[in-house]
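Dear colleague,

I am handing over the structure below, and after it I set out what was found. Please read the notes with the coordinates open beside them.

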Amino acid sequence: MKISVMQVGPIQTNCYILEDETTKKAAVIDPGEEAGRILAAVQEQGLQVEYILLTHGHYDHTTAVPELHQALPQADIYIHQSDANGAGNTLFPLAGQVDGLKLYGEGDTLPLGALTVEVLETPGHSKGSVTLKVGDALFTGDTLFAGDCGRTDLAGGSYEEILNSLGRLGRLEGNFHVLPGHGPTSDLDRERRRNPYLREGMARNP
C-alpha cells in the first residue's frame, strides 16, 4: 500500500492517492480542487484510478470531482447518502454535477487490488461524514484532526454526534495512521493520549 498526499485549494485540503502497488490500481480521496495537479500525479505514477472516494460532501473536499469524472470516466464516485444531494449551503451538490454517483455506508467494503476499503460512519462534522479504513490507515476527513476535531457549526453538524464518532474511532483495536482532511498526519495512539476531543468522546462512550 502506498499513500501520497497533496494539499489542494485555498484552505489546503489533504487530497490522498491510495495505491495498491502490485496492481497499480488506485483511489483518489477527497479531491477538493486542482484537478489538473491530481491528474498529473496519477498519470506520472502510471495509476489506474478505480474510485473517487469522498469522506463528506463539503465543497473543499469535492470541487474537483466533476473535472476528474470527465477525465476518469471509469472511476466510480462514492459518497454517503446524507451528503449526496448538497444538503446545506456549505455542501457541493454532486448529484446534479456527475452521472452515476454511488452511495456507501456503514460496513460497506470496496476492493482495490489486494486492498480493502472499509466504510465507518462517523457523523458530526456533517451528517454523511465517513472514515475510510484501509489496513492500518484511517482517512478521517474532517472528523478527527491531529490534536483536534472538525467544526460542528455548519449545516448538519452536531457536537454530540462528533463526540460519539470520535469515541468510536478511539476504541478501535490497535494503532492506526490518522490521515485527516486538513493539517498534519498523526497516529491513533498519540490522539488517544493528547487529543482532548477524542478523550472526551471515549469517556462519554466507554
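A polar contact here is a pair of N or O atoms within 3.5 Å, where within protein one atom must be able to donate a hydrogen and the other to accept it, and residues adjacent in sequence count only if both atoms are side-chain atoms. One such case involves Ser158, a polar side-chain atom of which lies 3.5 Å from the backbone nitrogen of Glu160.

The model is predicted, so that local features need pLDDT of at least 70 and side-chain atom pairs count only at pLDDT 80 or more, while totals for chains, interfaces and linings use all residues. Residues are numbered from 1 along each chain as its sequence is written, and side-chain values use heavy atoms, with hydrogens and water left out.

Ser158 sits in the loop between strand S12 (148-149) and helix H5 (159-170); helices (H or I, at least four residues) and strands (E, at least two) are DSSP runs, numbered from the N terminus. With a relative accessibility of 18%, Ser158 counts as buried, a word that means under 20% relative accessible area, with exposed meaning over 50% and partly exposed in between (1.4 Å probe, protein chains only).

Turning to the strands, two of them pair if DSSP finds at least two bridges between them. Strand S1 (residues 2-8) pairs with S2 in the antiparallel sense over seven bridges, and Val5 has Tyr16 in S2 as its bridge partner. The two strands form a hairpin with four residues between them, and Gly9 in the turn has a positive phi of about 80°.

The loop between strand S2 (13-20) and strand S3 (25-29) holds Thr23, which is partly exposed at a relative accessible area of 35%. The side chain of Thr23 makes a polar contact of 2.6 Å with that of Asp20, and the C-alpha atoms of Thr23 and Leu47 are 8.7 Å apart although 24 residues separate the two in sequence.

Further along, six strands form an open sheet of mixed pairing, in the order S7-S8-S9-S10-S13-S14. Strand S7 (109-112) and strand S14 (186-187) stand at its edges with a single partner strand each, so one side of each has no neighbour in the sheet. Within this sheet, strand S8 (residues 115-121) runs antiparallel to S9 and is joined to it by four bridges, with Lys133 in S9 as the bridge partner of Glu118. Strand S9 (residues 130-134) is in turn joined by three bridges to strand S10 (residues 137-141), again antiparallel, and Leu132 has Phe139 as its partner in S10. The hairpin of S9 and S10 has two residues between the strands, and Gly135 takes a positive phi near 60° there. Four of the five residues of S9 are buried, so the strand is largely enclosed by the rest of the structure.

As for cysteines, Cys15 is buried at 0% relative accessible area, and Cys149 is also buried, at 10%. With a disulfide taken as a pair of cysteine sulfur atoms within 2.5 Å, the count comes to zero.

Lastly, the largest pocket has a volume of about 190 Å³. A pocket is an open set of points on a 1 Å grid over the protein atoms alone, where a 1.4 Å probe fits, with protein on both sides within 12 Å along at least five of seven lines; lining residues have an atom within 4 Å of a point. Twelve residues line the largest pocket, and the closest to its centre are Ile11, Asp60, Asp142, Arg151 and Leu154.

With best regards

Notes:
Grid points are joined across faces, edges and corners, and a volume is the space filled by probe spheres set on the points.
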